[in-house]
Every structure is written in C-alpha cells, then in structure tokens.
Amino acid sequence: MSNWRDNVRKVVPYVPGEQPNQPSMIKLNTNENPYPPSPEVQEALKQFPAERLRLYPDPTAAVLVNEIASYYKVKPAQVFAGVGSDDVLAMAFMTFFNSETPILFPDITYSFYDVWAEEFRIPYTRIPLDENFCIQPDDYKRKNGGIIFPNPNAPTGAELSQRAIEEILQENPDVVVIVDEAYVDFGAESALPLLEKYENLLVVQTYSKSRSMAGMRIGYCIGNEELISYLNDVKYSFNSYTMDQLTLATGVAAIRDDAYFKRTTGAIVETREWAKGEFRRLGFTFADSKANFVFVSHERKAAKEIYQALRERHIYVRYFNKERIDNYLRITIGTRDEMEALFAALKEILG
Ligand SMILES: *Cc1c(COP(=O)(O)O)cnc(C)c1O
C-alpha cells in the first residue's frame, strides 16, 4: 500500500456563495455592488495598450499603492495591495499569526478565517458573539496569538464602536490585531485613525464591495511601515507578481473617482435604510446593519423555506446551514428596483 496521501496537506475549502447565471435573476447572495464600477474604470480598460503585457507588472504595485496612500493620507510604505482582500488576509495570517497560543475571532464571522487557520496550522479559538450578535471586547482580554474580526461583522452587519476596538487594542499590545473592513464604506467608522496610536493594528479593505470591482480582485491593507515590510517579505517569498498591469490601471482609475464612489455608496445606504422598514413591516427582525446587506430572521417562516421559495423565483440570497444562524438569511442590498421585486416576492411567499 502506498501512503503518499499521509503527506498531503489536506484542507476543507471555503465555500463561496454560488454564482448562478439565470436570465433576469436578482442576485443578492454575495454582497456584490449593484452598480457598475466608475466610468473611469471602463475608460482605463479601453486605453490599456495590450503591448504592455509583454512585460512583467511592477511587483511593488507602486502606482496603486501610491494612489491608495494619498487617498487615505498615509505613507506608501504603510500600504500593501493584493489580489482581493482574501489574498491580503491570507498573507497576513501567514505573516502575523505564528504563535502556539490560539488566535481569536468571533464564532459567527467571515467563514474564511477558520479555513486559513486550518490551512496554515494556526491554533484558534472562536469567541461567541453575545445574544444580540455583538462582539464583547471583554471576551478578547485573554492570552492569545493574534486577533481578527470584520467591522462591520459579516454576516451580521453589526458595527463595533471605535471605543470598543480601542479597548481590544489596549488589552492586546503583544499581538497583531487585524480589522477586516470589507464593508466599512457603507456608513461604519473606520479604525484607520487608531493607526497613530497602535503599531500592532492592521486595517484591511477591498474594492469588491464599495468600489463595485469584485471581478477585478483588488484588496489592500494599511498599517505601520514595519508591519507592511514583514508582509512584503512574505509576499516576495511566495509570489512576487500578484497584481497584473490591467488590474493596477483600473484600481488607480477607480479610487480617483471619489465623487462616483460617494454617490453609489450613498445610494446603497439610502436603499438599505428604506429596506429596513420594509423588512420590519413583513415581520423580519435583524441586528442594525451598517453593511451592504442585512441579516434577517422571520417571526413565523423558516429561513430555509424562504430561501428556497425565493430561489424558485430566481432571487438569490444567502442561507448558512450553521449553528446559531440557521434561521437567518443574509440579503445583499441591491438597487431600489431589485429590492422592490424582492419585497413583492416575499409578500407572496409569506402570504
Ligand atoms: C467579501 C469579504 C472579503 C473578501 O473580499 P475580496 O473580494 O477578496 O476582497 C473579506 N472579508 C470579508 C468579511 C468579506 O465579506
């Protein structure tokens, strides 16, 4: 009997939301932005000379890193860019979570964290959210090998206050604390100002949600220069050319069009606030969301049944068959028209 299988790194992979392709479907299951990227992105695509693809891209991604740094008023040496924030987060796990003591993250959170921890053999402990699905800073006052949580949290949408984040940082000066701000642009407060006081803080953001570019794969993080230099060392020891030339060009174009960014994120926030009232009227309850989705549970009808009934109507939302949250649906905020179609379908389904 051969036993080469004993030496394989076996992992249970992350399962992304499905990408169905039905005509006239309404897709509210993966928190994509319902609006197209800035017209400047289309322009950058048109202008891009294919001839340039002969050359390798700049491994430092300088044009994009510089643009992000100037947008957030930090030094370029404080910015690290990658192929979506999943790439940035995976690099950060590899770089900063190297202790024998478990890292900490919430029990209900982005389901990639435990996948990376398993893959990189990082011990971890899941800290239960309180009964209102909120992170309690006191629960993070224990010995640990690092901390990560999204703010707002996913899939709950709940925001953790700046004061609470600072409390966690004050208690944990000896480990790296990562705040995953995938949804921060929809009205939550960013932890970026805390960078001045805490050298062990890393803030991760993405173009996938608020900048409508999930298909381009751009993520980045901001932290102090020393943290970023360690991240770069690990990246260059793994794959130097992570970001291609076309991606860099579109990333620069998108962040330059701040008026468009403010207009589209503003429209989503407005639709979300209106949708909260509609959900309430239909008998749904939810934690207050500051993200581009809401996490709802119905007073009478099981989430799984609603999910299936919507699916039959080609309306896709996310259902997690997991402990504590198996009676909830995570519903992305689409355009006003998409949400009106959703509510019309829900009225039918709920009778
Ligand atoms: C969507 C998401 C990401 C990853 O997004 P990318 O498309 O890889 O940038 C990371 N964290 C959370 C919490 C997310 O919801």
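The protein chain exposes about 16600 Å², and carbon and sulfur atoms supply 50% of that area. The model is predicted. Of the chain's 351 residues, 55% count as buried.

**Overall build**
- The secondary structure comes to 10 helices and 12 strands.
- The radius of gyration is 21 Å, close to the 20 Å that the globule rule gives for 351 residues, so the chain is as compact as a globular protein of that length.
- Along the principal axes, the C-alpha atoms fill a box of roughly 60 × 60 × 50 Å.
- Among contacts with a separation of 6 or more, 73% join residues 24 or more positions apart.

**Charge**
- The chain carries 39 positive and 49 negative side chains.
- The centres of these two sets lie 4 Å apart.

**Nonpolar cores**
- In soluble globular proteins, nonpolar side chains tend to be buried together.
- The largest nonpolar core here has 47 residues.
- Leu-64, Ile-68, Phe-149, Ile-165, Leu-201, Tyr-207 and Ile-222 have the most contacts inside this core.
- Helices and strands both build the core: those supplying at least two residues each include helices H2 (62-72), H5 (162-171) and H7 (245-256), and strands E2 (79-82), E5 (147-150) and E8 (219-222).
- H2 gives the most to this core, with five residues.
- Another core, of 34 residues, lies apart from the largest one; Phe-286, Leu-310, Ile-315 and Val-317 are among its members.

**Close-up on Ile-222**
- Leaving aside residues up to four places away in sequence, Ile-222 touches residues including Ile-68, Tyr-72, Val-79, Leu-201, Val-203 and Ile-228.
- Gln-78 is also one of the residues that Ile-222 touches.

How values were computed. Residues numbered from 1 in each chain as written. Predicted model: local features only at pLDDT ≥ 70, side-chain atom pairs only at ≥ 80, totals over all residues. Heavy atoms only, no water. Helix = DSSP H or I, 4+ residues; strand = E, 2+ residues; numbered from the N terminus. Rg over C-alpha atoms; globule rule 2.2 N^0.38 Å. Buried < 20%, exposed > 50% of the residue type's maximum accessible area, 1.4 Å probe, protein only. Contact = heavy atoms within 4.5 Å. Areas by Shrake-Rupley, 256 points an atom, 1.4 Å probe, with all protein chains shown as cover. Lys, Arg positive; Asp, Glu negative; His and termini not counted. Charge placed at Lys NZ, Arg CZ, Asp CG, Glu CD. Core = buried A, V, L, I, M, F, W, Y, C linked by side-chain atoms within 4.5 Å.
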